[in-house]
Amino acid sequence: MTAVLDYGVGNLFSLQSSLRVLGLETEVTGQAEKLRAADRIILPGVGAFGDARAKLDETGLVPVLLEEAERKPLLGICLGMQLLFDRSFEYGEHPGLGLIPGDVAELREDLVDKTLKIPHMGWNRLETAKEDPLFRYFQNGEYVYYVHSFYARNCRESTLGVSQYGNLAVTGVVRRGNVWGTQFHPEKSGDAGLRLLRAFAEL
């Protein structure tokens with residue numbers, strides 16, 4: 001069973017719908033015992049990093065999440081991926097979960113190309129940098145769907161895939177041990193995204 005963590009900031013409907021399409025046993029939950037009983041966990045997220053971290057802290061589930069990440073697959077999606085890192089500089093400095101070394105910074109026009117818009121929104125090619133079980137059904141160069149104004153950096157060792165946005169190679173997929181993250185939304189990335197979720201469900 002895949003547990004989707006509900007802490008008040010995730011786009012749960014689209015994600016749950018995609019998992020249902022795949023025929024996967026899924027439960028949206030904010031209960032510690034259900035996270036512990038699950039075979040794997042998904043940490044979704046939309047909005048601002050600081051607000052999301054505060055809401056996550058309010059649940060009291062951070063210690064459970066850190067403990068379970070040591071023994072089962074955990075996937076962070078979009079802001080959920082950013083929360084996996086050490087810290088974010090989104091409107092101040094905020095601590096992350098520290099599951100993946102690195103930090104999160106603003107996706108500025110001068111970093112990408114002044115002719116490109118921020119946020120990075122829409123379809124972009126994902127170039128896989130390393131082989132990984134998450135890419136079991138995924139072909140290098142397939143298109144995935146992004147919506148974000150901040151990006152993960154200083155995380156080269158854990159980066160599995162990137163998408164070029166102007167002059168910047170945006171971190172698209174990361175992994176450290178049992179912990180994976182996607183900056184894009186697999187649940188909004190059509191068939192390619194469904195295949196990534198299917199691969200995660202088989203981990």
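Modeller: Let me begin with the cut-offs for accessibility: a residue is called buried under 20% relative accessible area, exposed over 50%, and partly exposed in between. Please keep in mind that this is a predicted model.

Colleague: Why is aspartate 132 called buried?

Modeller: Its relative accessibility is 11%, and because buried means under 20%, aspartate 132 falls into that class.

Colleague: What makes the contact between aspartate 132 and arginine 175 a salt bridge?

Modeller: The closest N and O atoms of aspartate 132 and arginine 175 are 2.8 Å apart, and since the criterion asks for a side-chain nitrogen of Lys or Arg within 4 Å of a carboxyl oxygen of Asp or Glu, the pair qualifies. This pair links distant parts of the chain, 43 residues apart, with aspartate 132 in the loop between strands E9 and E10 and arginine 175 in strand E13.

Colleague: Why is arginine 175 called partly exposed?

Modeller: Arginine 175 has a relative accessible area of 28%, which lies between the limits of 20% and 50%, so the label is partly exposed.

Colleague: How do you know that glutamate 202 and arginine 198 form a salt bridge?

Modeller: Their N to O distance is 3.5 Å, and the limit is 4 Å, so the pair is counted. Glutamate 202, at 40% relative accessibility, is partly exposed, and arginine 198, at 38%, is also partly exposed.

Conventions. Residues are numbered from 1 along each chain as its sequence is written. This is a predicted model: local features need pLDDT of at least 70, side-chain atom pairs count only at pLDDT 80 or more; totals for chains, interfaces and linings use all residues. Side-chain values use heavy atoms; hydrogens and water are left out. Helices (H or I, at least four residues) and strands (E, at least two) are DSSP runs, numbered from the N terminus. Buried means under 20% relative accessible area, exposed over 50%, partly exposed in between (1.4 Å probe, protein chains only).
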